[in-house]
Amino acid sequence: QVQLVEVGGGLVQAGGSLRLSCAASGLTFSRYTMGWFRQAPGKEREFVAAIEWRGGSTNYGDSVKGRFTISRDNAAKMVYLQMNSLKPEDTAVYYCASDRSTSIRTTSAAYNYWGRGTQVTVAS
């Protein structure tokens, strides 16, 4: 059984930071591209960041580029999202997801497994 579990969400003031973690089990984590997506109420799911399986290449959505950093630890089967300089528009449920491809893709339909999500709320 494949499971992805996100932790680290919460309430933070604008300009603050949060670090999200995603723990994977039940898959060969090392060979999966890992991504983060977010979704606010009434809006489409939005690509945030992704990292290829060896960790040498990353991609970010335009709205978070320069503020967020994705990383991974294959030995620990963990992926992280460091979020700095948070803005109220970053408020959303953040989801960890895995992609069987070794290439980075930015469309949610490309990702086969998803966590339940963790709420991030940024107050102005």
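Predicted model: local features only at pLDDT ≥ 70, side-chain atom pairs only at ≥ 80, totals over all residues.
## Charges over rings

The charged end of Arg31 sits over the ring of Trp53, 5.2 Å from the ring centre.

## Aromatic pairs

Tyr95 also belongs to a cluster. Ring pairs link Tyr95 with Phe37, Phe47, Tyr111 and Trp114. The structure has five aromatic pairs by the rule used here, which asks for ring centres within 6.5 Å.

One of these pairs is Phe37 with Tyr111. The geometry is edge-to-face, with 5.0 Å centre to centre and 75° between the planes. This pair links distant parts of the chain, 74 residues apart. Phe37 is in strand β4 (residues 33–39). Tyr111 is in the loop between β9 (92–99) and β10 (113–114). Buried or exposed? Both Phe37 and Tyr111 are buried.

Turn now to the strands. Strands of a sheet pair through backbone hydrogen bonds, either parallel or antiparallel. Here, an open sheet of four strands runs in the order β1-β3-β8-β7, with antiparallel pairing. Its edge strands are β1 (3–7) and β7 (68–73), each pairing on one side only. From one strand to the next, the twist averages 15°.

Go across the sheet from β1. Five bridges pair β1 with strand β3 (residues 18–25). Glu6 stands opposite Cys22 of β3. Next, β3 joins β8 through six bridges. There, Leu20 has Leu81 in β8 as its bridge partner. Finally, six bridges join β8 to β7. Asp73 has Met78 in β8 as its bridge partner.

Strand β8 (residues 78–83) is mostly covered, with five of its six residues buried. Strands β7 and β8 form a hairpin with four residues between them. In this hairpin, Lys77 takes a positive phi near 55°.

## The strands around β9

Strand β9 is mostly covered too: seven of its eight residues are buried. Which strands does β9 pair with? Seven bridges join β9 to β4, and the two run antiparallel. Trp36 stands opposite Cys96 in β9.

β9 also pairs with strand β11 (residues 118–123), in the antiparallel sense, over three bridges. Tyr94 has Thr118 in β11 as its bridge partner. With β10, β9 makes two bridges, again antiparallel. Ala97 stands opposite Trp114 in β10. Trp114 is also one of the rings in the aromatic cluster.

## The disulfide

How many disulfides does the whole structure hold? A search finds one. Cys22 and Cys96 form it, with their sulfur atoms 2.1 Å apart. Cys22 lies in β3 and Cys96 in β9, so the pair ties together parts that are 74 residues apart in sequence.

Why is this disulfide called left-handed? The torsion about its S-S bond is about -75°, so it is left-handed. Both Cys22 and Cys96 are buried.

Conventions: Residues numbered from 1 in each chain as written. Heavy atoms only, no water. Phe/Tyr/Trp six-rings, centres within 6.5 Å; stacked < 30°, edge-to-face > 60°. Buried < 20%, exposed > 50% of the residue type's maximum accessible area, 1.4 Å probe, protein only. Lys NZ or Arg CZ within 6 Å of the ring centre and 35° of its normal. Pairing = 2+ DSSP bridges. Axes fitted to C-alpha atoms, helices over the stretch in contact; angles between N-to-C directions. Disulfide = S-S within 2.5 Å.
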